[in-house]
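Student: Hi, I'm new to this one and would like to go through it slowly. Could you show it to me before I start asking?

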Amino acid sequence: MALADNRLNAALWGKLRSKVGVRFTRFVVVAAVSLTVTEIALTLCNGVFHMTSTPAALVSWFCGAVVSYVLSRWAWERKGKPDVLRETVPFWVISAVVIVILTLATKFAYHSASWLGLTGVKHVLWVDFIWLVANCFTFLLRFLIFHYVLFAERTTAARAAATGPDTVPPGTRNAPSPAAAPHTAAATAEAEAAAETAKSAETAKSTAKTDGAKQATPAD
């Protein structure tokens with residue numbers, strides 16, 4: 001039983017340390033912060049300013065969307081000036097889809113609170129709860145779109161830039177670089193010439209010994 005638990009923990013830890021796991025963990029932080037901001041904004045719009053469902057949803061969504069946009073760039077390690085066409089515009093298009101869902105959820109929360117006869121603090125808490133449930137639904141949807149669509153190409157490009165153009169592909173670690181190839185060829189030629197010289201010297205020495213032995217043999 002303990003062995004199975006250890007394997008499960010190791011598998012979960014490996015998933016969290018993977019590229020998707022790191023992004024997901026960071027996005028959980030992003031979602032938690034932006035959700036907190038939207039909940040505070042919704043509570044103020046509903047309980048303090050007594051806004052109707054649609055204005056309250058719009059104001060709350062916009063506050064959370066701004067926070068989410070800034071922190072999402074951190075989650076996917078985006079630095080510098082954002083790409084408007086590939087990053088900023090798609091993000092707000094996705095956010096527009098999200099606000100449709102959240103607005104419908106807020107309308108349902110207001111109407112259902114009336115059906116249940118909730119007023120005052122109970123009404124505010126009920127609306128906040130429905131808003132929380134709707135955000136949990138959109139959380140996974142936003143993560144999948146952000147990771148596999150919005151930031152997918154940029155993530156691949158960032159990984160390629162991090163590895164660099166001089167990275168040696170697997171299986172070619174011993175292959176000489178073009179700059180080192182002439183030096184390698186010269187060293188090989190010198191080694192072969194030295195071997196030929198040593199072989200010639202050895203042959204000459206053997207021939208000299210043979211001639212000396214013939215001269216030392218007495219004639220018949």
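This is a predicted model: local features need pLDDT of at least 70, side-chain atom pairs count only at pLDDT 80 or more; totals for chains, interfaces and linings use all residues.

Student: Okay, let's start with helix α2, how many residues does it have?

Tutor: Helix α2 covers residues 19-48, which makes 30 residues, and from its first C-alpha to its last it reaches 43 Å, close to the 44 Å expected at 1.5 Å a residue.

Student: Where do Phe-27 and Phe-139 sit in the chain?

Tutor: Phe-27 belongs to helix α2 and Phe-139 to helix α5 (residues 120-150), so this pair links distant parts of the chain, 112 residues apart.

Student: Are those two buried or exposed?

Tutor: Phe-27 has a relative accessible area of 0% and is therefore buried, and Phe-139, at 16%, is buried too because the limit is under 20%.

Student: What about Phe-27 and Phe-146, how is that pair arranged?

Tutor: Phe-27 and Phe-146 form an edge-to-face pair, with 5.6 Å from centre to centre and 85° between the planes. This pair also links distant parts of the chain, with Phe-27 in helix α2 and Phe-146 in helix α5, 119 residues apart. Both Phe-27 and Phe-146 are buried.

Student: Which residues do the ring pairs link into a cluster?

Tutor: The cluster made by ring pairs includes Phe-24, Phe-27, Trp-61, Phe-62, Tyr-69 and Trp-76, and Phe-91, Trp-92, Phe-139, Phe-143 and Phe-146 are also among its members.

Student: Now charges, how many salt bridges does the structure hold?

Tutor: It holds three salt bridges. Glu-77 forms one with Arg-23, where the closest N and O atoms are 3.7 Å apart, and the pair links distant parts of the chain, since Glu-77 is in the loop between α3 and α4 while Arg-23 is in helix α2, 54 residues apart. Glu-77 forms another with Arg-26, at 3.9 Å between the closest N and O atoms.

Student: How accessible are Glu-77, Arg-23 and Arg-26?

Tutor: Glu-77 counts as partly exposed at 42% relative accessibility, Arg-23 is buried at 3%, and Arg-26 is partly exposed at 23%.

Student: Which ring does the charged end of Arg-26 sit over?

Tutor: The charged end of Arg-26 sits over the ring of Trp-74, 5.0 Å from its centre.

Student: And which residue forms a salt bridge with Glu-87?

Tutor: Glu-87 forms a salt bridge with Arg-73, and their closest N and O atoms are 2.4 Å apart. Glu-87 lies in helix α4 and Arg-73 in helix α3, so the bridge ties together parts that are 14 residues apart in sequence. Glu-87 is buried, with a relative accessible area of 1%, and Arg-73 counts as buried at 11%.

Student: What else is Arg-73 in contact with?

Tutor: Leaving aside its neighbours within four places in sequence, Arg-73 is in contact with residues including Arg-78, Lys-79, Gly-80, Lys-81 and Pro-82. The backbone oxygen of Gly-80 lies 3.3 Å from a polar atom of the Arg-73 side chain.

Note on methods
Residues are numbered from 1 along each chain as its sequence is written. Side-chain values use heavy atoms; hydrogens and water are left out. Contact means heavy atoms within 4.5 Å. A polar contact is a pair of N or O atoms within 3.5 Å; within protein, one must be able to donate a hydrogen and the other to accept it, and residues adjacent in sequence count only if both atoms are side-chain atoms. Helices (H or I, at least four residues) and strands (E, at least two) are DSSP runs, numbered from the N terminus. The expected span of a helix is 1.5 Å times one less than its number of residues. Buried means under 20% relative accessible area, exposed over 50%, partly exposed in between (1.4 Å probe, protein chains only). Rings of Phe, Tyr and Trp (its six-membered ring) pair if their centres lie within 6.5 Å; planes under 30 degrees apart count as stacked, over 60 as edge-to-face and the rest as tilted. A charge sits over a ring if NZ of Lys or CZ of Arg is within 6 Å of the ring centre and within 35 degrees of the ring normal. A salt bridge is a side-chain nitrogen of Lys or Arg within 4 Å of a carboxyl oxygen of Asp or Glu.
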